[in-house]
Amino acid sequence: MRPTFRAVVLFGAGIPLSLILVLIDDGLWPIALAYLGLAIFAAGLDAVLALPARALAVDIKLPEILYIGDRDTLQVEIWMPAGRPATSVDLVCDVGPTLAAPALQSEMIAPDRPNRIAVPLTALRRGAADIKRLWLRWRGPLSLMRRTQVYRIDKAVPVVPNIRAVRDAAIRFAAWDAPFGIKAQNQQGDGSEFDALRDYLPGLDHRSIDWKHSARHRTLVCKEFRTERNHQIILAFDTGQLMSEPLGGIPRLDHAINAGLLLGYVSLRDGDRVGVFGFDSRVRLAADPVGGVHSFARLQRLSSDLEYRHEETNFTLGLADLLSRLKRRSLVILQTEFVDTITAELMVENLERLAQRHLVIFVTLQDRSLHGVVDAPPRTLDAMSRAVIADDLLHDRLVVFERLRRLGVHCLDVPSRTIGTDLLNRYIRIKRQELI
C-alpha cells in the first residue's frame, strides 16, 4: 500500500495549519495534533476498506502469434466477488522493445461478473516479443491509499510477417483471376499463347483471322489466345542497414516483406513461380522459384528468415550472384533503399546488367519527413539549411530513378501504406503488356 497524491496533500496541509495555530495561540496545538491524527485515521481506514489483492481472480490470455504492423490484444479477465463495491482499476503491461509500449488503461471493475480488458499489442519488428509483467493498481474508497499488484507473465510471442494483411488484400483481388490467366480467354490481346481456332463471327477482331487456315477450310477462322502462365518471379530483398530503419514505426524491410508476400500469393495463385533472394554485405538467402498456392507457406517461412542487418549493402556481389542463378528470363522485384547518387552508382551499374536479360521492378519507400522538411517555412537558419539538404536528397533520388528508367527498369517510389497495392498494380500492368 502506498499513499496517493490526495493523501500527501491532506498531510501536507496540516503543516502550515499547525504553524498558523501555534503562532496565533500556543494553546491551540492540540487542534493541529488532532488534525494529523484524523488524517492518519482516514488513511488507515481507507487502507482497510480497499479491495484486497486476494479478492481478485485474474486470468491472462496471450495471442499465439503477432503480425508485424498489425495490432492484436492481450486479454485480461478480472473477477471480483459479490458484496464488493465497483472499483476503478488502472492496468499497464511491461513489454520488450519488439512491441510498442501499451498505454495506461483505467477500467471500472464490477462485482460478481467477468470483467474483460483488452490490452493492445503492436509489433514494431519481427522476432520474439517479450511480455514481462502485468500491473494492476486501484485505490481505496477515500482515494487516500493505493494498492499495486504485479502478475509475472515472462512469455515470448513470435512476431511474423503480416499474413493477415495479405489475406485481406487477396480477398479484395479475388475476382482478378477471371481476366488474367486462370481461365482461357477469348479476347485478342490478353495473351500471346495460342489456344484454339474458331469460326470467325462479326464483332471479333479481324486481326485475329488466320488467313492460311481460312484458305484451307474455305471459311474464315480466327485464333484464340490465352494469357501465358508459369512466369518466374524473384522477390529480391535488400536486408542492409538502410532497410532496418523504421518508417511509420515499422522497419522498411518489414514493409517490403508484407508487399512481397501479397504479390507472391497472387502470383502463385495465377500459375507463376515465385522465388526469394535476400542479400546485404553477402547473400543471405537464395530460394529457387516454385509454383502452386500450397507453396505460399514456404514463401512465408523464407521471408521470416530475413533478419535485420546493420551492414552496408554490396550490390555488386548480391546482384551478380542473382544474375548467375537465373537461367531463364524472369521478373525481378528488387526492394531496396539508397541515399544519393554517389552511394547508388554501383547499384545502377549492376542493375543495368540485370535489366539486359530480365525485367526489373525497382521498389523504394518514400520518406514523407523529407518532403515535410522541404515544404516547411524556413523560419530559422537551421530550418533553411535542413530544407536545402532534404531538397538535394530528393533531387538525387529523382536523378537515380530517371537513369534506371532509361535502362528499362520499372521504378516505384511509393508511400509505405500503399506499397502492396502499387506493386500489385504494376505487376498486373506488366502481365497485361506481356513484358515478361
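Student: What classes of residue make up the lining of the largest cavity?
Tutor: Five nonpolar, three polar and one charged. Keep in mind that this is a predicted model.

Student: Which residues line that cavity?
Tutor: Met243, Arg252, Ala256, Gln335, Thr336, Val363, Thr364, Leu365 and Ile419.

Student: Which elements supply at least two of the lining residues each?
Tutor: Helix H5 (252–269) and strand E18 (359–365).

Student: And which gives the most?
Tutor: E18, with three residues.

Student: What's the volume?
Tutor: About 50 Å³ for the largest cavity.

Student: How many cavities of 30 Å³ or more does a search of the whole structure find?
Tutor: One.

Student: OK, switching to helix H1. How many residues does it have, and how far does it reach?
Tutor: H1 covers residues 5–24, so to speak 20 residues. From first C-alpha to last, H1 reaches 29 Å. That is close to the 28 Å expected at 1.5 Å a residue.

Student: Which residues of H1 are buried?
Tutor: Ala7, Gly14, Ser18 and Leu21.

Student: Why are they on the same side of H1?
Tutor: Because they cover an arc of only 75 degrees around the axis.

Student: What's the general rule behind that kind of spacing?
Tutor: An α-helix has 3.6 residues a turn, so residues three or four places apart point the same way.

Student: What do the buried residues of H1 pack against?
Tutor: Strand E1 (2–3) and helix H2 (29–49).

Student: And which residues are exposed on the other side of H1?
Tutor: Phe5, Ile15, Leu19, Leu23 and Ile24.

Methods: Residues are numbered from 1 along each chain as its sequence is written. This is a predicted model: local features need pLDDT of at least 70, side-chain atom pairs count only at pLDDT 80 or more; totals for chains, interfaces and linings use all residues. Side-chain values use heavy atoms; hydrogens and water are left out. Helices (H or I, at least four residues) and strands (E, at least two) are DSSP runs, numbered from the N terminus. The expected span of a helix is 1.5 Å times one less than its number of residues. Buried means under 20% relative accessible area, exposed over 50%, partly exposed in between (1.4 Å probe, protein chains only). The arc is that of the directions from the helix axis to the C-beta atoms. Contact means heavy atoms within 4.5 Å. On a 1 Å grid over the protein atoms alone, a cavity is a set of points where a 1.4 Å probe fits but cannot get out, and a pocket is an open set with protein on both sides within 12 Å along at least five of seven lines; lining residues have an atom within 4 Å of a point. Grid points are joined across faces, edges and corners, and a volume is the space filled by probe spheres set on the points. Ala, Val, Leu, Ile, Met, Phe, Trp, Tyr, Cys and Pro count as nonpolar, Asp, Glu, Lys and Arg as charged, and the others, Gly among them, as polar.
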